[in-house]
Amino acid sequence: MVAVSFIWLLALPHQGYSKRTYISENALLPGSANVRFDYSDSLAAEAYRDTIQRISTLSSYERAQALEQEFSKIGLKAATQNYTLNTSTDSKRGVNTYAVFYAPRSDGTEALVLSASWTSRDQTPNINAISMLLALGRVFKRCSHFSKDIIFVVSDGDADGLQAWLKAYHGNEENTQDRTEETLRVRSGAIQAALNLDFSGVGDYNAMGIFFEGVNGQLPNLDMINTVAAITEGFAPVELTLHDELIPYTPNLTKNYLNSLKRMLYMMKYQAVGSPTGNHGLYLKYKIDAITLYGFDKPGWHSSRYSLFRLGTLIESTVRSLNNLLEHLHQSFFFYLLSGVQRYTSIGLYMPPVIILGVSFIFQALSLWGHSSDLPSELAATAAGNKAAVALPYSLRSRNYKVASSVLAMSLVAGLTTFHLLTQQFGFPGETPLLKFAASVGVCSMLVFSAVSSAHVRDRILKSTSLKGKSVDKTTSLSSSAEPAPAADWIILKTFILALSALIVTTLSALNFSLAVSIGLIIVFPYMTFRPSHYKVLSLIQIVALIAISPPGLMFIASWWHSKDMSQVLAWVLEAYEVLGTWLLPTICCVYWPLNMAAMVMVLLPVS
Amino acid sequence: MMDEEHFDGAASNLFKHYNLFPRSIGQILHSFDVEELHLTFTQGRWHYGDWGYPIAPSAGTGVELWAWLNGDNNRVKANWKGLTNTLSGLFCASLNFIDDTITIEPKLSFRHEGLYNVHSQSSPSAQQSFNTDTNSTTASPKRLRYGSLPHENVCTENLTPWIKLLPCKSKAGIASLLKSHKLFDTRFYSMAIHIRPVCEDEHCKVKSLELVQTITTVFDVARKDGSFNWSISELFERDITQACPLATTSKVILHLPQTTQFAHQYELVPFPPQGIQTVGSTAETRQEIAVYDLKALFSGTRADSPFQLSMHWRDSRPKSVRAVSPGIVAHRYFTGYGQERGGLAIEIQNNNAQDVEAIYLDTLPWYLKLYLHTFSIELDGKTLDNHRDLVKKMFYQPAVDRARPAVLELALVLPARSMVKFAVSFDKVFLKYTEHPPDANRGFDVGCAVITALLPRERGQIGYGALDHLRIYQEREANLVQSARLEAVAEARENEQDKIRVYTETLLVSLPTPDFSMPYNVITLTCTVIALFFGSMFNLMTRNFEVVEQTKLKEDKGKGKKEDATK
């Protein structure tokens, strides 16, 4: 079953398995509107580029003020928003600028958002994107055919700025010691969709990437991507790709498959980690479909370069399409895997392999459960072909849950403790996440050690008492001692671990498919095959493997892979949890780690 | 720029004659026993913060209808239904959708505007206007009905019946400018009819009906090329070629840009024959207007040339135009996200230097379950524990599912220069699947809230009061309707207050929406499964299987042959 699931998963990116995307929402009509962005607007955008370049070096407050003035000059209602955010690792403060274009004669119940942050993905000033916003504001101001308001947001900081703005827009602004988000003074209606622009620098680009994975692997409606893809195909020809990887097309089937696999793995990686690949990810939580368009330059790539002019027409055309929407985007897929801009695999096709994986856990757990009740003597009897001894349909052998359940309960408690250790501020001097992490690793190893040693001690005591009991009972008849010894503790524990794993993998697969797949693939072999052994070397190998797939081990591997400091990786995970509210840290601490600990205990339990 | 045209002669004795008064309206009022009727079609939002108050009363986006009807509750109920249906036919609008589930009866807002009010109240003060029953002098009971359709689009088909009510249609006078092609290419468009009884003598013994028709539009002159120059023929693509011969007065009144310094920034062509006039007593409230009497113009020497009017700015951008500072500005928005619950927040800003009394009226559809215990008030960002300081009276009518909306009406005292914020939470109802509209995923529109406030005249000048100001300016002749109210206004007492209505934004709420493609899938799949599974299982379980032996089989065959033979 595991093999089937593996092969099935690998088949997902195959050309024959995925389908070509199509515009599902008929109202979108991509590329059918006449675009008003003309040459003079592109000149205006270039003029704005100089202005933005000048003010981008100023402080947060000053540049926000300057930008607010620029928006006001166009005739839009503009305002700024201050925010501060104190996380356990960092203190952030910034100023967002936003402006609203009120659609003439519209009731203002619906709005679209065009956003850009001051810093781009590649940590350079996002100059072209912001000047694009200003130029588009100028274009929209001339038009009277918009049915939705358009909000321009230029957010400060990384994701924290837009997060603060979105919170305040939805009336959830906080005013506590850790967070302050200023109430918005200018508002519009319910936001239907959002486009986030990421065009750093002042030059031209030869490719454009779409980033779409949001917080906790949420995805925007596929029609968002389809619309941009349709417009770049005909109306404003731009080399479009997923993320920032350009892979040349080959007619070679194998190569083609490998490319698709690569793209899908990229997507699954971003989705599994759960932190958004751009500011668009923050909108998804508020049921706003959003994507990030990222302009980049790949040296040596054959496609023609595009400047602000083509970009302007592209974005205006996209906004016009979204403006056509009569309802919230709902027609197309919300759950999909992309192996190319125009190839998708829908939920119906990608779910079975993960479910099979989950079911394989369940099956092994069930068979172990059955084994734990099988009487060795009866088994031996049936094996010998002794027909007189009919196997009972039920078993007299009792199962001992004490060790298994206490180990699981303890490891869950330990997981919760590590979570609290990591996320709470204690205020002692020299408090760093790394130190707290070390403490939580200590807690966990303590747990494993104490559980294993107490289990061994208990085992010895039990053995000695049963030996004593046997010596005492020798006087009484042997038949009365028919009650057999209970099954080994490790079998019960392994059953529990496997059942829990199945639960986690299948539940997660509906919430965050990629995370479920990655967790499932990591744990499937160790948890299924590992068992206590008489051979010290085998036990050692098993323990090393389990440590490697334990959170500290994975973190070590991740930091080594990205050649970064451990503390950096930890700070990143913590920030994702505290700022964006990703579930990666809670999932790992409260679900993944306890199971890992329990598995370690299981491996070290007495064989009996 | 706003235009307004009056046919004061249209105010006639109650249904005596229809020489100017439109018969269609008169008959409707007569058959449904309507005392007062106000119907407003609006497309777009009025930006109070940028534009001040509209000169002619205009409502929130959509259609708003409110009327005072004579008779007891049952009769009024039947009459209201008839009225909405008839008006729906007359104005080609979906007014018939104003049914019981959205009709309300405000207790504090939307008082009478007819002139008998003035007589029943010797000195109209703020306190008295809060009284729920203002016509103690009139014998017959009257009831108020209010309904609005926030998502009703206003277009040419509504304009045409509106024009038909005019005595000269769109053939002559200002109404000849009404070209729908240009009118609906503006930032805001509102048209209304207001019918109210007025008095013809001082003691109000003879009453007549007054019909006021207004159109308010906001052109964005600088939209095309950034220039602020305009002319009537450019804006409307039409000209006024003659004054309406049936009208007593026909005037174009231009409210000029109020610049604090840099006079003579613009040029008016032609310059008004009587020069630029001013209204307003103090320097702060002085407003400049230009008046063009079309009757006089077309009776003079240039009778055959169309009326042209244009304004040219010397600079590309007007300088030091006096900023609009509306006394009360309100915003309303939804808080929270998700389809389970949400909240409503209302921000009311009082820019006046003194406390202002205001009435807040909010109608919420029944599918939003309001929790009044979550009602909270913030004053300038601080939560108030004691609501009594601000909320003097509160009327709350809980919603009844599928029968009536929730109504929240508050009599407020807004402190000077303050920002008051209300918040209340609600749960969203999971509707029956047949109750969703065809565009289920769009959401439901929630109509605007209305804030009625009494503002001191100085502030409210570019508001409702302006209409009266302009009327006074028209120096009515003696044979026109003389009303006690107009005389009182003409006195321009210092403590005179204007009643203004501020409409908040319409909102869109998304309720839990089922996937409407799902029922089909589920129904077809389950039916197939049941048909296949149940059918075959039932078949298998009720059948008795036997092993048929070879000899028996042969015998059976033989029997069968015999039977065939006998047949």
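**Exercise 1.** Find which domains the assignment gives for chain A of this predicted model, and state how far apart their centres are.

*Solution.* Begin with the bounds: domain 1 of chain A covers 22–341, while domain 2 is written in pieces, as 351–384 + 398–463 + 485–604. Next, take the centres over C-alpha atoms, which places domain 1 of chain A and domain 2 of chain A 40 Å apart.

**Exercise 2.** Describe the side of domain 1 of chain A that touches domain 2 of chain A, giving its residues by class and the helix that gives the most.

*Solution.* Start from the contact itself, in which 19 residues of domain 1 of chain A meet 18 residues of domain 2 of chain A. Then look at the elements on the domain 1 side, where α5 (160–169) and α7 (253–273) of chain A each supply at least two residues. Of the elements on that side, α7(A) gives the most, with four residues.

**Exercise 3.** Characterise chain A as a whole by its secondary structure, its box and its buried share.

*Solution.* Counting the elements of chain A gives 19 helices and 12 strands. Along the principal axes, the C-alpha atoms of chain A fill a box of roughly 105 × 60 × 45 Å. Of the 608 residues in chain A, 48% are buried.

How values were computed
Residues are numbered from 1 along each chain as its sequence is written. Chains are lettered from A and ligands numbered from 1 in the order in which they are written. This is a predicted model: local features need pLDDT of at least 70, side-chain atom pairs count only at pLDDT 80 or more; totals for chains, interfaces and linings use all residues. Domain bounds come from an automatic or database domain assignment. Two residues are in contact if their C-beta atoms, placed from the backbone, lie within 7 Å. Ala, Val, Leu, Ile, Met, Phe, Trp, Tyr, Cys and Pro count as nonpolar, Asp, Glu, Lys and Arg as charged, and the others, Gly among them, as polar. A residue is buried if 20 or more other C-beta atoms lie within 10 Å of its own, exposed if 12 or fewer, and partly exposed in between; C-beta atoms are placed from the backbone.
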